Amino acid sequence: MPELNLILLGPPGAGKGTQAERIREDFDLAYIATGDMLRQAVAEGTPLGAEAKSYMDAGDLVPDALIIAVILERLHGGDARDGFLLDGFPRTIPQGEALGEALRGAGRDLTGVLMIDAPDEEIVRRISGRRVGPASGRVYHVEFDPPKVEGKDDVDGADLIQRDDDRPETVRKRLDVYHAQTAPLVAHYEDRGLLHRIDGTASPASVHEHVRATIATLKLEADV
Ligand code: AMP
């Protein structure tokens, strides 16, 4: 069976994480979210986390060499060998090239790149309203998905927190970084005939339907 090797591309806050949760269930793919991996490394105080933290808090990208090593190891090991869904990687042209080379070297190919897009203003509104339960990890939005009691986690009543990199000034910085360093990947994958554009401003349900239909088509084509 041909494997499905997919990338979710798009600005932070366009809904990649939300969609990824649904797609993983639909298609049973290994889900690799670099932001989650790095946040976990920070929480566990590993050497990777110690090195990544200051970049992340400032809204900058961690250095290519650091993240490329982590991802390539993950791609060649265990569950990702039968297909993967990458969220948050690649984020620069050198990362994209390193990924392409590693896959080619292993006789594998990318199946497609799903680009979920939304305008900057919408993203600032979405991300700066995001709150997280510190222990449960449950994510809320003050406007679109508020907790039952303001400022408190529905799960355990803990005070909700805002991630350092979700503050409005850091979000703007992350968007600048996205436009400067990550957006060039759109043309990179378009040139290779791999890019599929999805409007991230639609409702989560209709974005999901669009994403699901796109992947289902890619899967059919891959099976031929
Ligand atoms: P995310 O949750 O995907 O928005 O990632 C949070 C932060 O982790 C980013 O702002 C970066 O500092 C860092 N990060 C995640 N993925 C990458 C990557 N592929 N390259 C460099 N830095 C990354």
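Predicted model: local features only at pLDDT ≥ 70, side-chain atom pairs only at ≥ 80, totals over all residues.
At roughly what angle do the axes of helix H2 and H4 cross?

View 1. The axes of H2 (residues 34–44) and H4 come within 12 Å and cross at roughly 110°. Angles of 65 to 115 degrees count as roughly perpendicular, so H2 and H4 are roughly perpendicular to each other. On the H2 side the meeting residues are Thr34, Met37 and Leu38; on the H4 side they are Ile67, Val70, Ile71 and Arg74. Five residues of this contact are nonpolar, one is polar and one is charged.

**View 2. Helix H2 against helix H3.** Here the axes are 8 Å apart, and the packing angle is about 115°. H2 is therefore roughly perpendicular to H3. The crossing of H2 past H3 is left-handed. H2 contributes Gly35, Leu38, Arg39, Ala41 and Val42, while H3 contributes Leu48, Gly49, Ala52, Lys53 and Met56. By class, the contact has six nonpolar, two polar and two charged residues.

**View 3. The largest nonpolar core.** This core has 31 residues, and those with the most contacts inside it are Leu75, Phe84, Leu86, Leu99, Leu110, Val113 and Tyr189. Elements that each supply at least two of its residues include strand E1 (4–9), helix H3 (47–57), strand E3 (83–87) and helix H8 (184–191). H4 gives the most, with six residues. A second, separate core of 24 residues includes Ala33, Ile127, Val171 and Ile198.

**View 4. The surroundings of Phe84.** Beyond its neighbours within four places in sequence, Phe84 is in contact with Leu4, Asn5, Leu6, Leu29, Ala30, Ile32, Leu75, Leu103, Arg108 and Leu110.

Methods:
Residues numbered from 1 in each chain as written. Heavy atoms only, no water. Core = buried A, V, L, I, M, F, W, Y, C linked by side-chain atoms within 4.5 Å. Buried < 20%, exposed > 50% of the residue type's maximum accessible area, 1.4 Å probe, protein only. Helix = DSSP H or I, 4+ residues; strand = E, 2+ residues; numbered from the N terminus. Contact = heavy atoms within 4.5 Å. Axes fitted to C-alpha atoms, helices over the stretch in contact; angles between N-to-C directions. Parallel < 35°, antiparallel > 145°, perpendicular 65-115°, else oblique. Nonpolar A, V, L, I, M, F, W, Y, C, P; charged D, E, K, R; others polar. Left-handed = near helix turned anticlockwise from the far one by under 90°.
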